[in-house]
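Reader: I have a model open and would like to walk through it with you. Can we start with the packing and go from there?

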Amino acid sequence: MSASLSPECLPAKEKYDACFIRWYTEKFLRGERTEDETCKKLFLEYSQCLKTALDTKGISKMLDEARKNTEDSDLGRRGT
Amino acid sequence: MVKFYENGFSYDYTWHAVTLAYFLRYPNPYSTHVLSTDVISRHIDDAGCLHTVRIHHKRGKLPATLTRFLPSINDSYILETSKVNPRTMVMETETRNLDHTSILSVVEQQVYTPAEDGSSTRVKTSVRFDSRFGNRRAQTSAVDHEAHQGDEQPVQERRRLFNFGFGWGRDGVQRTIEQLGARRAVEHLGSSTKGMQLVLNRLRNIGLIGARGVEGVGHEESWKAVWRRVREEIPKAEDIDPGVGV
């Protein structure tokens, strides 16, 4: 799998990615609609690690701005 | 000013397989400019659709023509949003650059649907290029003009402000940025399609996808073996089939 923005988050990211892909292939694509509790827990660990990197690199701010700019136009137009 | 590009393509793999490859497409030998990929958020909505937000960090310089008068840009962050509806079998994706948007904003939208026979997948791509480069200066120029009562050549004055020594006006600069951006994006679309093809071929070799679509792996041990192969084999630079791609 791909690298992470923050090298120290890579172990957490890899665990989560593996969990997600297995759930996606074996559950979600076969019609299951519920999220996997193990994957959820792994995602929490990964995103807590990532948050610091997103804040220090100024990405959190860019994300907020992008959200503000797109919410009105794109989502409304595509809403399916 | 805005420029559009549209394209249609088809993968010889089932819709389920293509959606899986979409999440596994980086890194691959055609995407060496992608430095990292992270998941920002993921959830299932009330209708059972999977929403994912990812951020890709890409390396890449602008064409030399642009770096002559633009600050040098060595990397950028790309925001990717996707929605997978397993019931209607529609995957919608969107990528947009998060930074440098005052120079050029590129928004690529794709819709993945199964072809009639179900064995292949159609992709419709549309890309929108929008350069607002110099617009803020245009406003400043207008204000300046009001302050200087009796300026008889406002148009020329404005032109001078946007003359970068190339004899181009602001519109010309925006158009050039959009054209260069569009050319780059079309090249990028070609290599990203090749990348998806290669990822699909390798997933089939590994056995994660087969004729019926995505295969179940079953036991924990066999899953681990499959996953190890996915991680090791998909990024490999060797054995690229020259026939693969567009």
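Reader: Which residues have the most contacts inside the largest nonpolar core?
Author: This is a predicted model. In the largest nonpolar core, B:Ala17, B:Leu20 and B:Ala21 have the most contacts, and the core has 45 residues.

Reader: Which elements give two or more residues to this core?
Author: From chain A, H1 and H2 do. From chain B, the elements are H1, S3, S4, H5 and helix H6 (220-233). H1(B) gives the largest share, seven residues.

Reader: What does B:Ala17 touch?
Author: Leaving out residues up to four places away in sequence, B:Ala17 touches B:Leu200, B:Leu203, B:Ile209, B:Gly213 and B:Val214.

Reader: And what other core lies apart from it?
Author: Another core, of nine residues, includes B:Ile103, B:Leu104, B:Phe133 and B:Ile177.

Reader: Back to H1(B). How many of its residues are buried?
Author: Nine of its nine residues are buried. They run from B:Trp15 and B:His16 through B:Ala17, B:Val18, B:Thr19, B:Leu20 and B:Ala21 to B:Tyr22 and B:Phe23.

Reader: Which strands does H1 of chain B lie across?
Author: Helix H1 (residues 15-23) of chain B lies across S1, S4, strand S5 (90-97), strand S6 (105-114) and strand S7 (121-130) of that chain. The helix runs at about 150° to S6(B). H5(B) packs on the sheet too, where it touches S1, S6 and S7 of chain B. The direction of H5(B) makes about 15° with that of S1(B).

Reader: What is the strand order in that sheet?
Author: It is an open sheet of seven strands in chain B, in the order S1-S7-S6-S5-S4-S3-S2, with antiparallel pairing. Strand S1 (2-11) and strand S2 (34-44) of chain B are the edge strands, and each pairs on one side only. From one strand to the next, the twist averages 15°.

Reader: How many bridges join S3 to S4 in chain B?
Author: Ten bridges join strand S3 (residues 50-59) of chain B to strand S4 (residues 75-85) of chain B. One bridge pair is B:Arg59 with B:Asp75, the latter in S4(B).

Reader: Different topic. Is B:Ala185 buried or exposed, and why?
Author: B:Ala185 is buried because 20 other C-beta atoms lie within 10 Å, and 20 or more is the cut-off for buried. The residue sits in helix H5 (residues 170-206) of chain B.

Reader: What does B:Ala185 touch?
Author: B:Ala185 touches B:Tyr5, B:Val106 and B:Val127, again not counting residues up to four places away in sequence. As for B:Ser120, 65 residues apart from B:Ala185 along the chain, the two C-alpha atoms are separated by 25 Å.

Reader: How many residues of chain A are in contact with chain B?
Author: 23 residues of chain A are in contact with 29 residues of chain B. On the chain A side, helix H1 (10-26), helix H2 (37-56) and helix H3 (59-78) each supply at least two residues.

Reader: Last one: what does the secondary structure of chain B come to?
Author: Chain B comes to six helices and nine strands. Of its 246 residues, 29% count as buried. Among its contacts between residues at least 6 apart in sequence, 60% join residues at least 24 apart.

Note on methods. Residues are numbered from 1 along each chain as its sequence is written. Chains are lettered from A and ligands numbered from 1 in the order in which they are written. This is a predicted model: local features need pLDDT of at least 70, side-chain atom pairs count only at pLDDT 80 or more; totals for chains, interfaces and linings use all residues. Helices (H or I, at least four residues) and strands (E, at least two) are DSSP runs, numbered from the N terminus. A residue is buried if 20 or more other C-beta atoms lie within 10 Å of its own, exposed if 12 or fewer, and partly exposed in between; C-beta atoms are placed from the backbone. Two residues are in contact if their C-beta atoms, placed from the backbone, lie within 7 Å. Two strands pair if DSSP finds at least two bridges between them. Axes are lines fitted to C-alpha atoms, for helices over the stretch in contact, and angles run from 0 to 180 degrees between N-to-C directions. A nonpolar core is a set of buried Ala, Val, Leu, Ile, Met, Phe, Trp, Tyr and Cys residues joined through C-beta atoms within 7 Å.
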